[in-house]
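Visitor: Please take me through one part of this model closely. I would like one connected answer.

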Amino acid sequence: MTAAQKIFKVRRHYNKWVADQTMEDYALRYTSRHDSSSKQGHVMSIERVGHTALGATAFLALEGLAAVITLAYGFTNAVAAILTVLAVFFITGFPIAYYSAKHGLDIDLLTRGAGFGYLGSTITSLIYATFTFIFFAIEAAILASAMEVLLGIPLALGYALSAIFVIPIVTHGIRAISRFQNGSQWIWLVLQVAAIGVVVTQEYQNFEGWTQYAPVDLPQSTHFDWILFGSAASVLFALMAQIGEQVDYLRFFPIKNKQNRRRWWFWLILAGPGWVFIGAIKMLLGSFLAYLAISDGASVVQATDPTYLYQRIFFFLTTSPTTALLLAAVFVFICQMKINLTNAYAGSIAWSNFFSRLTHSHPGRVVWLVFNVTIALLLMELGIYQALGAILGVFAIAAVSWLGSLSADLLINKPLGLSPNYVEFKRAHLYDINPVGTGSMLIATSLGLVSYLGVFGEVAKSLCHFISLGSCFVFVPLIAWLTKGKYYLARQSTELIPMIELARQRNPKYVTLTCGICENAFETEDMSFCSAYMQPICSLCCSLDVRCLDSCKPQASIGQQSDYFLKLFLPKGLVKALSSRFGRFASLLLVINIINAALMMLIYRQMAPSSLNEAVLLKDTMLALFFTLLIVSGVLSWLFVLAHESRVVAQKESNRQTRKLIREIDAHQETDRALQNAKEQAERANEAKSRYLTGISHELRTPLQSIIGYAQLLSEKANTPSGHQNGLDIIHRSGLYLADLIEGLLDISKIEAGRFDLYRNTVDLPKLIDQLNSMFAMQARDKGIQLQSKILAPLPQHVVTDEKRLRQILINLLSNAVKYTPKGSVLFEVNYRNQVAEFVIRDTGVGIKEGHLKRIFDPFERVRDVSTGNLPGTGLGLTIVKLLTEIMGGDIQAHSVVGEGSEFRVSLMLPWVSQGDGSAYVDSPLSTTLKIN
């Protein structure tokens with residue numbers, strides 16, 4: 001089977017560039033963890049990866065969020081929410097961290113293979129990317145606020161500096177981040193432990209007051225309350241996506257073996273889901289510090305500001321305002337840099353995954369790094385980040401539904417065999433949409449939003465995140481059981497099995513295959529077989545290819561899946577209408593405006609107008625904005641549908657033309673192979689013929705010379721009867737004719753066999769010309785024609801050439817001229833210039849027809865008509881002349897007009913030499929064997 005696509009050089013060069021792991025850090029692909037000479041090796045120790053991941057838990061938002069919920073909902077409900085939510089984070093995060101570290105996959109690749117499908121995980125990538133820039137803005141705002149308070153740096157400049165600081169480090173990936181995290185780890189730990197130690201030793205007498213704290217406006221918060229508990233938990237659930245950032249580091253874990261097993265598990269738990277242990281300590285500390293601050297008369301803003309809280313601690317520690325200021329500045333800078341390096345890095349990976357599936361291109365992870373940081377900077381500079389807290393609860397519903405579905409698939413479906421026991425992340429092997437994870441996330445998100453809107457009552461509203469999470473663990477195994485797990489794998493690349501075995505024989509320890517597109521070598525886990533190119537292809541090149549139109553899995557495309565799903569519930573006519581251009585437009589417009597309506601409703605509820613007039617004004621404004629966006633989204637949706645349809649049609653036509661061209665090329669190659677085989681057979685036959693002619697010619701020449709000799713002797717004997725004389729003359733002429741024929745055949749066979757020798761002789765050129773004139777003058781006189789010889793330029797006395805072959809060329813041409821000229825003259829002209837001799841033999845004979853002129857140099861071709869039919873000749877003379885001329889590096893041209901005569905012009909390189917130098921060229925071979933092509 002031939003390939004349907006060819007690989008363009010520009011695509012190969014582009015894919016080689018984006019596969020450079022110096023900057024890319026395995027964005028979009030499986031993480032290589034083999035320590036070898038391979039360029040793809042990217043191995044770090046378990047401890048180094050663990051410390052790098054653990055450094056992300058230093059962020060001060062933990063203290064800030066704990067302070068907020070403590071002051072808002074009281075100690076009992078806040079601490080219950082902290083411990084419960086963190087326990088949920090640990091349980092749901094453990095399988096995610098384990099499978100990531102085991103298989104070397106980031107959170108997006110893990111999501112693809114664990115229930116969401118190739119395109120189904122696109123929305124989760126957007127959720128994750130949104131999490132990274134929202135929390136980048138929040139954490140950078142804390143740092144900028146600290147720089148303003150502690151160092152006097154203006155807030156706007158502080159925002160910019162907070163964003164710029166991270167870019168040079170994150171640009172160089174995990175290794176540069178790891179150096180910063182590990183280098184600052186001990187400073188952070190010392191200051192953090194010192195702060196905790198000060199609080200425990202100096203403020204332990206206030207623990208009882210803390211445990212009894214309740215807001216003034218909520219006296220009932222001293223006791224556990226489901227609504228207050230749920231409200232506090234809703235704030236904390238926004239942190240659930242933190243496990244994704246831990247996983248983006250844990251994927252670099254070395255492979256687990258017997259030697260490192262215990263360390264592997266220890267650091268996996270501590271740096272993965274175990275971040276909640278450190279988080280719990282920090283959040284409890286933040287809650288206690290907020291209580292102390294509010295008890296000392298601080299405002300709510302101050303009591304929830306981590307910078308203010310830690311400045312107070314370090315003042316207790318040092319009793320020096322300047323030293324406390326310095327320590328607080330260092331501590332806040334390290335904490336916020338640690339988390340924002342992680343936010344920026346995870347965001348660059350998330351945006352890379354999101355846009356690679358939408359656009360089938362990847363300009364590089366650094367581009368998305370800058371993109372992510374820029375969004376966060378805009379949020380800070382515009383002050384929008386301050387309003388993000390209001391939507392974090394809603395955002396958390398989507399994040400909980402995503403990670404809950406992912407965790408349920410890994411924790412339930414895989415052990416029960418409802419899904420494959422490995423995680424398949426490659427585009428070529430996945431359905432576009434897996435209803436297990438995607439469907440569960442949509443159901444869980446819908447239930448959570450409905451609960452959040454108060455449809456099921458106040459308790460359900462406050463516990464909406466728990467409802468979303470619980471529904472994930474119900475619907476994930478249920479949908480997998482109903483679909484029998486058929487949507488996890490669309491196909492497998494069995495064609496790679498013999499290639500893998502061959503690679504394993506070459507290197508049993510490190511098995512790799514070479515991608516046919518980017519020509520880089522990758523582990524077999526990262527490879528699939530492309531039916532469009534008929535070559536192995538790596539996951540990155542497969543993700544970026546747009547021309548194949550998923551030809552390897554036609555039944556797994558989103559179009560085929562949606563048609564199949566709709567036909568289960570709707571009439572075929574309606575499904576056909578939905579699949580039309582207008583149907584796709586209407587569906588897209590509906591989805592976009594449902595999202596717009598949900599956002600408008602959310603904003604309306606968050607703004608909570610206090611009066612009827614404000615409510616009416618806000619409602620009218622929202623409706624006007626909605627219908628404006630409806631018009632804009634309608635135009636953009638129509639343009640998108642047309643552009644997408646145009647691209648698909650153009651791609652299909654391009655693929656069709658490519659296939660036709662490939663078939664034509666294959667046919668030409670087949671024809672070329674057939675012609676090449678025929679040529680080789682002809683050459684072998686010609687060589688056999690030449691050997692045969694050479695052998696038989698030698699066998700014939702010996703008896704033929706005897707016949708010629710005896711015929712000549714008998715004709716010269718005086719006692720030979722006169723009646724026999726005519727017969728002897730016929731025998732003698734026939735023998736000479738056969739001898740010439742054999743000699744010509746021998747010359748041709750030697751030339752064709754490549755065994756023809758040329759000799760460099762010193763030739764007396766004027767003497768040779770005179771000899772030729774004398775030789776043919778008598779023959780011309782006997783026929784009654786005139787032979788003229790003209791020397792058009794002074795001739796050198798001596799030239800270097802093969803005298804025998806030069807004489808043979810000229811004799812053949814002069815002989816033919818005299819033979820085919822019944823009357824008139826034969827002109828023999830010789831010209832010499834710039835060491836090139838030109839011989840022209842011009843006659844006034846019968847001439848040659850144009851059709852015959854093209855064939856006179858072919859073997860056994862003779863001009864036969866009424867006037868020349870009885871002339872002797874073998875038809876080999878001109879063939880030998882042409883071959884000899886070409887071998888000697890010359891050229892021969894023939895011109896003729898019927899009834900007027902013919903002209904043969906021979907040009908040869910004949911270097912002249914002086915008499916003293918001539919002896920050096922006597923019988924000197926030009927080459928031992930001159931090969932004739």
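Predicted model: local features only at pLDDT ≥ 70, side-chain atom pairs only at ≥ 80, totals over all residues.

Guide: Met534 is partly exposed, with a relative accessible area of 27%. Look for Met534 in the loop between strand 3 (527-530) and strand 4 (535-538). Its backbone deserves a look. Phi of Met534 is near 55 degrees, a positive value in a residue that is not glycine. Most residues other than glycine have a negative phi.

Now go to His360. Phi of His360 is also positive, near 55 degrees, and again the residue is not glycine. The surroundings come next. His360 is buried, because its relative accessible area is 16% and the cut-off is under 20%. His360 sits in the loop between helix 16 and helix 17 (365-381). Helix 16 is followed by His360.

Step back into helix 16 itself. Helix 16 covers residues 321-359, 39 residues in total. From first C-alpha to last, helix 16 reaches 54 Å, close to the 57 Å expected at 1.5 Å a residue. Of its 39 residues, 29 are buried, so helix 16 is largely enclosed by the rest of the structure.

One partner is helix 8 (residues 173-203). Helix 8 and helix 16 pack at an angle of about 150 degrees, with their axes 10 Å apart. An angle over 145 degrees counts as roughly antiparallel, so that is how the two helices run. The crossing of helix 8 and helix 16 is left-handed. The residues of this contact divide into 14 nonpolar, 6 polar and 1 charged. On the helix 8 side, they include Phe180, Trp188 and Leu191. On the helix 16 side, they include Phe331, Lys338 and Tyr345.

Note on methods:
Residues numbered from 1 in each chain as written. Heavy atoms only, no water. Helix = DSSP H or I, 4+ residues; strand = E, 2+ residues; numbered from the N terminus. Expected span 1.5 Å × (residues − 1). Buried < 20%, exposed > 50% of the residue type's maximum accessible area, 1.4 Å probe, protein only. Axes fitted to C-alpha atoms, helices over the stretch in contact; angles between N-to-C directions. Parallel < 35°, antiparallel > 145°, perpendicular 65-115°, else oblique. Left-handed = near helix turned anticlockwise from the far one by under 90°. Contact = heavy atoms within 4.5 Å. Nonpolar A, V, L, I, M, F, W, Y, C, P; charged D, E, K, R; others polar.
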